[in-house]
Amino acid sequence: GAGPEVGGDLFLYAAQIRYAVTDRLAIIATKDGYVDANPRLLAHQEGWADLTAGIKYALIDNEEQQFIVTPGLRVELPTGQNRVFQGNGMGEWDFFVSAAKGYDKIHAVAKIGLRIPNNFAEETASARYSLQLDYHAHTYFRPFVSLNAFTTLNAANHNGALHIGLIFEGADLVNFGSSQAAGETDVFIGGGFSSRITEKIAAGFAYETTVTEGFFGNRVTVSCNIGF
């Protein structure tokens with residue numbers, strides 16, 4: 001759901017693909033799909049989202065200590081459609097590092113990232129950071145709590161035109177190129193659970209709500225993971 005300053009709903013139907021080249025190196029495609037936007041102040045729109053793909057590498061993978069550190073790089077291509085807030089700018093780079101540590105049945109996952117656009121006049125750069133704690137209560141039930149935050153680092157000016165005077169950005173889905181969002185941070189808290197249904201099939205549910213005013217007021221994620 002969009003935040004109070006926007007109003008409305010936005011649905012993303014997406015697929016993610018991860019291919020293990022080696023035990024440590026993987027190719028990832030993490031943002032693609034179809035957007036159904038229902039903003040309160042605009043007409044209903046549908047269209048394709050941008051495409052994002054990249055690589056990640058398990059730099060540290062200590063199974064005995066239940067500890068792993070994985071840096072990675074993704075590239076987002078402006079292939080989406082403007083009518084659903086995609087296709088803006090000239091693409092962007094996403095550098096990230098994630099780390100996970102297990103303590104018997106409790107697991108902590110932290111991630112930091114930096115998104116850098118190719119055109120700072122059209123899009124904004126941002127930093128993101130997240131923390132998730134989960135508890136392996138059962139194979140079919142692993143509850144978790146999460147915190148996700150996104151900080152906008154610059155104001156896009158669209159070559160001086162101040163094209164979009166928003167005071168917020170679109171978190172990890174939309175890069176508006178807002179002209180008044182520099183220094184603003186969107187913070188989400190949430191929770192949910194994952195379930196291992198079979199050896200190769202898992203499902204999950206998550207609910208997040210913002211503690212700041214931004215594009216999203218709350219978000220619901222339903223996922224299904226299939227291994228081959």
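A residue is called buried under 20% relative accessible area, exposed over 50%, and partly exposed in between (1.4 Å probe, protein chains only). By this rule Tyr34 is partly exposed, because its relative accessible area is 28%. The structure is a predicted model, in which local features need pLDDT of at least 70 and side-chain atom pairs count only at pLDDT 80 or more, while totals for chains, interfaces and linings use all residues. Residues are numbered from 1 along each chain as its sequence is written, and side-chain values use heavy atoms, with hydrogens and water left out.

**The chain as a whole**
- The chain contains 15 strands and zero helices; these are DSSP runs numbered from the N terminus (strands E, at least two residues; helices H or I, at least four).
- For 228 residues, a compact globule would have a radius of gyration near 17 Å, and the 18 Å of the chain agrees with this. The radius is taken over C-alpha atoms, and the globule rule is 2.2 Å times the number of residues to the power 0.38.
- Along the principal axes, the C-alpha atoms fill a box of roughly 55 × 30 × 30 Å.
- Of the 228 residues, 39% count as buried.
- Of the contacts (heavy atoms within 4.5 Å) between residues at least 6 apart in sequence, 52% join residues at least 24 apart.

**An open sheet**
- Three strands, in the order β1-β4-β5, form an open sheet with antiparallel pairing; two strands pair if DSSP finds at least two bridges between them.
- The edge strands, β1 (8–13) and β5 (45–48), each pair on one side only.
- Strand β4 (residues 34–39) is joined to β5 by four bridges.
- Gln45 in β5 is the bridge partner of Ala37.

**Aromatic pairs**
- The whole structure holds nine aromatic pairs. Rings of Phe, Tyr and Trp (its six-membered ring) pair if their centres lie within 6.5 Å; planes under 30 degrees apart count as stacked, over 60 as edge-to-face and the rest as tilted.
- The ring centres of Tyr34 and Trp48 are 5.0 Å apart and the planes stand at 80 degrees, so this pair is edge-to-face.
- Tyr34 lies in strand β4 and Trp48 in strand β5, 14 residues apart.
- Trp48 is exposed, because its relative accessible area is 51%.
- Phe215 and Phe216 also form an edge-to-face pair, with 4.8 Å from centre to centre and 75 degrees between the planes.
- Both Phe215 and Phe216 are buried.
- Ring pairs link Phe215 and Phe216 with Phe85, Phe168 and Phe176 into a cluster.
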